[in-house]
Amino acid sequence: MRYDTPSLMRWNARAYDSSFGYVSAHGAPLIELLDPQPGESILDLGCGTGVLTADIAARGTRVLGMDGSSSMIEVATLQHPGLDFVVGDGANFRVGEAYDAVFSNAALHWMGRDPDAVIRCVRMALTPGGRFVAEMGGAGNCAALTSAMLTAWREYGLPEPDLPWYFPTPAEYAVRLEHGGFTVRLLEYFDRPTPLDECPGGAADWVRMFAGSLLDGVPPATVEPLLTRVNELAAPALRRESGWMADYVRLRFAAVRA
Ligand SMILES: C[S@@+](CC[C@H](N)C(=O)[O-])C[C@H]1O[C@@H](n2cnc3c(N)ncnc32)[C@H](O)[C@@H]1O
């Protein structure tokens with residue numbers, strides 16, 4: 001049976017790796033922060049196509065990759081046949097054993113419907129003293145991109161799009177973690193301008209990948225001119241001589257189950 005989390009988003013898992021591989025490519029420092037030890041058990045929440053799951057497994061750990069998208073899990077299973085993957089909703093899952101750590105890269109901001117439920121599930125999945133190490137979009141993430149989208153949608157007389165992301169401030173997320181039974185050991189909030197090297201269509205390509213579901217409500221003949229307008233509006237902030245640069249802002253943390 002195919003199952004997808006009831007979020008707005010459908011993923012094009014193959015295009016994700018070929019054009020948006022930078023997402024997992026930026027995960028190396030997060031794995032260093034996780035510092036996986038041989039023999040540890042680690043849950044990779046929102047694992048996508050499993051690139052980082054495999055990197056963590058290569059450190060001698062036992063890893064389970066979990067993702068809400070069945071197409072991501074299909075690709076992950078094909079690409080990493082020796083590893084375990086499962087479809088699951090980050091806001092509503094239980095695991096059969098307690099893990100030493102839960103890791104998550106670029107996924108928690110997709111689980112904004114109920115962030116406290118996500119933190120609750122993560123806590124229940126951990127052994128006492130277990131680590132929760134993650135990076136997500138923080139407040140202000142992709143502000144120029146989303147503002148270009150909102151303006152273009154308005155100019156075309158379309159209803160304001162319901163943006164599917166949750167980009168908390170560091171203070172807000174730290175409070176959620178503490179209320180959810182974690183001790184925050186490290187919390188970083190930083191700009192990370194990110195080249196869109198594999199996106200010749202610039203901001204429009206980004207919208208197609210990360211906000212594709214919002215295009216479902218747009219009349220087909222309007223989609224291309226709308227995306228062209230997004231590019232025009234975003235270009236002054238995001239287009240450099242070397243190419244497009246997305247205005248990413250990240251929140252990276254390591255917390256311990258109290
Ligand atoms: C930008 S991708 C990041 C994938 C991977 N961690 C990486 O670094 O390449 C975000 C992932 O979060 C997953 N996701 C979104 N909402 C989810 C949910 N409620 N539960 C589990 N996974 C979810 C998506 O399916 C997607 O694979």
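Q: How far is the polar side-chain atom of aspartate 89 from a nitrogen atom of the ligand?
A: In this predicted model, the distance is 3.0 Å. A polar contact here is a pair of N or O atoms within 3.5 Å.

Q: What about glycine 90 and asparagine 105?
A: A polar backbone atom of glycine 90 lies 2.8 Å from a ligand nitrogen. For asparagine 105, a side-chain N or O atom is 2.8 Å from a ligand oxygen.

Q: How much of the ligand does the protein bury?
A: The protein buries 97% of the 600 Å² that the ligand exposes when taken alone. Those areas come from the Shrake-Rupley method with a 1.4 Å probe.

Q: New topic: what is the phi of cysteine 142?
A: About 55°, a positive value, although cysteine 142 is not a glycine. Most residues other than glycine have a negative phi.

Q: Is cysteine 142 buried or exposed?
A: Buried, with a relative accessible area of 1%. Buried means under 20%, exposed over 50%, and partly exposed in between (1.4 Å probe, protein chains only).

Q: And aspartate 35, what is its phi?
A: Near 50°, also positive. Aspartate 35 is partly exposed, at 42% relative accessible area.

Q: What are the ground rules for these values?
A: Residues are numbered from 1 along each chain as its sequence is written, and side-chain values use heavy atoms, without hydrogens and water. Local features need pLDDT of at least 70 and side-chain atom pairs 80 or more, while totals for chains, interfaces and linings use all residues.

Notes. A polar contact is a pair of N or O atoms within 3.5 Å; within protein, one must be able to donate a hydrogen and the other to accept it, and residues adjacent in sequence count only if both atoms are side-chain atoms.
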